[in-house]
Amino acid sequence: MFSTDDNAAPPATRPYSDDEDALNEAEVNGNWTPQEKALHEARLKAKAKRRLRKSSSRNSTSESFSESGEPAAGDPHSPKGKVATNDRKSRTGKGRGLPKKGGAGGKGVWGAAGMVYEIEEPDARDPNYDESAQGDTVYETVVPEVDERELEKMVNPIVQEYFEHGDTKEVEMLLKELNLGLHKFEFSSQALSLSLEGKASHRELTSRLLSDLTGKLLSQSDMARAFDKMLKELPDLILDTPEAPQMLGQFIARAIADHVLPMSFLDCYKGKVDCDHARVALDRAAVLLTMKREMVRLDNVWGVGGGLRPVKHLVREMNLLLKEYLVSGDVLEAERCLRDLEVPHFHHELVYEAVVMVLESKGDTASHVMIKLLQSFWKTGLITVDQMNRGFQRVYDELPEISLDVPHAHSIMESFVDLCYQESVITKQLRDACPSRGRKRFVSEGDGGLIKN
């Protein structure tokens, strides 16, 4: 298998090509042993590795040359002529030979020259976060928007309390604490619904509340949406309040007069209303606005409620009530009229006026009728003990002045007080407190020898 030529190189320095040719020739002849075949494969693999190393070294050398074709200058003191170790170019022979991240990367590097970083906001979740070093801390209370289903539960107590105290500023303060959002008009509709079920004084307070809130918390568009909703709900409202259409019409007229609703509110419904109840309400509002055109406000559309009325007006109303009762004798109607006045703190005036009418009347008819009326008010609890006592006591105090116009006032008063006590209208202490003339008349002609007190 090996050549025996004397001029041939020794086996240690002979190239592998001669052996490969011999092996190939032996393969052709079919004389290869398994050991020779394995040796041939190992040599082929080593040859392929050498070729790969040579090609990679050529590529790195070519990339290290400059554009002019001259080799790049290296560090003469570096071993094997390598480039400086602080060179950021890739040493693997991959890429374009540019520094990593444009020269802005690496350990301890802040970034490229001229780079401006944004101010980083402190993170409260950072373990190194120091709240005291952040300056003044401002806390804001975020109020979630009220859900439509919970709105009624939150609004009804506010309106009911307003009916008791009548302070619109307190209602405004409470509403500012609530985030009604897009459901602001729902407050107006809820207040209107509650006032329709209440008294005339409640409706007067509701009209004032809507007037005071307009322009502050509610706009005219919110009020228009509220009244539009009430007009649509009239078929359900009349089930509990049969007079709801007429009342809602009065609310609309009062709102337009108070500039709560725009003047064109009624014009938007002309020829567009199919519900009969809504049509009644709109017609009622139109009639009231026509009648009160010269008035700036329809202040008396609900009357003057309760204690807001002048004393002279209340006295006149109670006098009229008693005179109508003397004519008709209807106790239930008198009771209804007294309740409508809504002045339980002023019922002593009715007692006073009733007793004075008895003193100024002729005959016993008025006394029996008034006793019946006072007895009815006493049993139903409409007039309390305190109001009854105050009314009689006022008559006791003014009896000397009344006797100037009614000479027999003392005797009439004594008999009337005795009848009231017998009918359980007044107490025994009040009967005993009734004044008398306090002088004795001695024996005179025609007295029959009797001494009278």
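**Close-up views of a predicted model**

**View 1. The largest nonpolar core.** In this predicted model, the largest nonpolar core has 49 residues. Those with the most contacts inside it are Phe187, Phe227, Leu231, Leu248, Ile252, Leu261 and Phe265. Several helices each supply at least two residues of this core: helix 3 (148-165), helix 4 (168-176), helix 5, helix 6 (200-213), helix 7, helix 8 (234-240), helix 9 (244-257) and helix 10 (276-291). Helix 9 gives the largest share, eight residues.

View 2. Lys184 and Asp222 pair through their side chains, 3.8 Å from N to O. The pair links distant parts of the chain. Lys184 lies in helix 5 (residues 184-196) and Asp222 in helix 7 (residues 220-232), 38 residues apart. Lys184 is partly exposed, at 31% relative accessible area. Asp222 has 11% relative accessibility, so Asp222 counts as buried.

View 3. The side chains of Arg254 and Asp258 form a salt bridge at 2.9 Å, N to O. Asp258 is buried, with 8% relative accessibility. Arg254 is buried too, at 1%. The two residues belong to a network of salt bridges that also takes in Glu204 and Arg208.

View 4. Lys270 is exposed, with a relative accessible area of 61%. Asp267 is partly exposed; its relative accessible area is 46%. For the whole structure, a search finds 14 salt bridges.

**View 5. A positive surface patch.** Six residues are shown: Lys45, Lys49, Arg50, Arg51, Arg53 and Lys54 form a positive surface patch. One of them, Lys49, sits in helix 2 (residues 34-63). Lys49 has 53% relative accessibility, and exposed means over 50%, so Lys49 counts as exposed. Patch members carry no salt bridge.

Key
Residues numbered from 1 in each chain as written. Predicted model: local features only at pLDDT ≥ 70, side-chain atom pairs only at ≥ 80, totals over all residues. Heavy atoms only, no water. Salt bridge = Lys/Arg side-chain N within 4 Å of Asp/Glu carboxyl O. Helix = DSSP H or I, 4+ residues; strand = E, 2+ residues; numbered from the N terminus. Buried < 20%, exposed > 50% of the residue type's maximum accessible area, 1.4 Å probe, protein only. Patch = residues over 30% accessible without salt bridge, like charges linked within 9 Å, V, L, I, M, F, W, Y side chains within 5 Å. Areas by Shrake-Rupley, 256 points an atom, 1.4 Å probe, with all protein chains shown as cover. Lys, Arg positive; Asp, Glu negative; His and termini not counted. Charge placed at Lys NZ, Arg CZ, Asp CG, Glu CD. Core = buried A, V, L, I, M, F, W, Y, C linked by side-chain atoms within 4.5 Å.
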